[in-house]
Amino acid sequence: MSEVKKIATRMSYGNALVELGQEHDDLMVFEADLGGATKTTIFRDAFPERHIECGIAEANMVGMAAGISTTGIVPFVSSFAMFTAGRSFDQIRNSVGYPHLNVKIGATHGGISVGQDGATHQCNEDFALMRTIPGMVVICPSDDVEAKAAVKAAYEHKGPVYLRFGRVAVPVINDRPDYKFEIGKGITLKDGEDLTIIANGLMVPAALEAAEMLQKDGIKARVINMHTIKPLDEELVIKAAKETGKIVTIEEHSVIGGLGSAVSDVVCEKNLAPVHKIGVKDVFGESALAEELLEKHGLDAKGIYQDIKKFMEA
């Protein structure tokens with residue numbers, strides 16, 4: 001993976017907003033004093049008249065975006081995942097979700113890979129929070145190509161969308177002619193009949209790497225990139241459960257309430273297969289380098305491989 005081009009999906013977010021802004025003059029971006037980190041300053045520099053700096057007032061920012069969306073403007077609100085999904089949950093639920101307004105939430109710096117900023121900035125609960133809001137679409141793209149496609153799809157979708165982007169650079173794995181992004185449709189990246197690995201975000205390249213390690217042990221793992229957590233591709237999950245008999249989910253999020261829980265809801269309801277969830281356990285994050293935290297929580301390729309081996313041998 002070291003030779004593969006790497007780009008942080010937060011950078012993809014900023015670039016995608018500019019590309020969309022060139023095509024659609026109804027797109028506006030709201031920022032909460034973190035434009036340099038969320039990369040929305042790229043949009044500000046290109047379209048200053050369509051960028052609003054709200055200061056450190058995330059809840060107010062969401063309310064402003066909700067209001068302007070009723071005029072036909074398509075607003076993207078941007079901050080760290082902790083400050084959008086967390087601090088602004090009330091406003092997202094009541095001012096955006098309840099009236100089902102056309103507001104898009106670009107949340108960067110999700111998960112423990114935020115690194116040295118520590119637990120207060122590492123949001124491992126955002127999928128769970130956003131999943132509970134009726135009508136909310138929840139997306140976590142795996143690379144630059146997918147992130148740009150997801151932003152475009154979010155703009156075209158009528159209704160609220162939550163997009164999570166990462167801080168660290170990740171391998172570009174979807175740069176191929178047959179790639180197609182569709183909200184609510186997972187993508188099978190590798191076939192296999194012994195188990196299915198379902199992952200999203202930066203866990204997708206790690207899952208592919210772990211699958212290669214498993215193959216050397218004679219275990220053929222199917223790998224699915226489940227970029228959309230809600231609505232979940234239930235048809236693809238059911239097919240995988242029936243054909244491989246075992247499911248492993250991997251996410252840079254708490255094992256409570258996220259991708260693993262969404263997959264479990266489907267599989268358990270139909271009593272199809274055992275599900276093993278890999279993610280952040282019931283703990284807060286801490287301050288360290290991103291790679292150190294991913295290794296500590298077993299979310300690097302080696303840790304995932306070892307965890308799946310235990311699951312297969314149980």
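Biologist: Is Thr-84 buried or exposed?

Modeller: First, the ground rules. This is a predicted model, in which local features need pLDDT of at least 70, side-chain atom pairs count only at pLDDT 80 or more, and totals for chains, interfaces and linings use all residues. Residues are numbered from 1 along each chain as its sequence is written, and side-chain values use heavy atoms, with hydrogens and water left out. Now the term: buried means under 20% relative accessible area, exposed over 50%, and partly exposed in between, using a 1.4 Å probe and protein chains only. Thr-84 has a relative accessible area of 1%, so Thr-84 is buried.

Biologist: Where is Thr-84 placed?

Modeller: Helices are DSSP runs of H or I with at least four residues; strands are runs of E with at least two; both are numbered from the N terminus. Thr-84 sits in helix α5, residues 81-86.

Biologist: Which residues does Thr-84 touch, not counting residues up to four places away in sequence?

Modeller: Contact means heavy atoms within 4.5 Å. By that rule Thr-84 touches Ser-79, Phe-89, Ile-92, Ile-105, Ala-107 and Tyr-162, with residues up to four places away in sequence left out. Its side chain also reaches the backbone oxygen of Ala-81, at 3.3 Å.

Biologist: What is the phi of His-109?

Modeller: Start with the general idea. Most residues other than glycine have a negative phi, and most peptide bonds are trans. In His-109, phi is positive, near 60 degrees. His-109 lies in the loop between β5 (104-108) and α7 (126-131). With 2% relative accessibility, His-109 is buried.

Biologist: What is the phi of Lys-39?

Modeller: Lys-39 is not a glycine, yet its phi is positive, about 70 degrees. Look for Lys-39 in the loop between α2 (35-38) and α3 (41-46).

Biologist: Which form does the peptide bond from Lys-230 to Pro-231 take, cis or trans?

Modeller: That bond is cis, with omega near 0 degrees. Pro-231 belongs to the loop between β12 (228-230) and α10 (234-244).

Biologist: Now the whole chain. How many helices and strands does the protein chain have?

Modeller: The protein chain has 13 helices and 14 strands. The radius of gyration is taken over C-alpha atoms, and the globule rule is 2.2 Å times the number of residues to the power 0.38. The chain's value is 19 Å, close to the 20 Å that the rule gives for 314 residues, so the chain is as compact as a globular protein of that length.

Biologist: What share of the 314 residues is buried?

Modeller: Buried residues make up 58% of them.

Note on methods
Polar contact = N/O pair within 3.5 Å; in protein donor to acceptor, adjacent residues only side chain to side chain.
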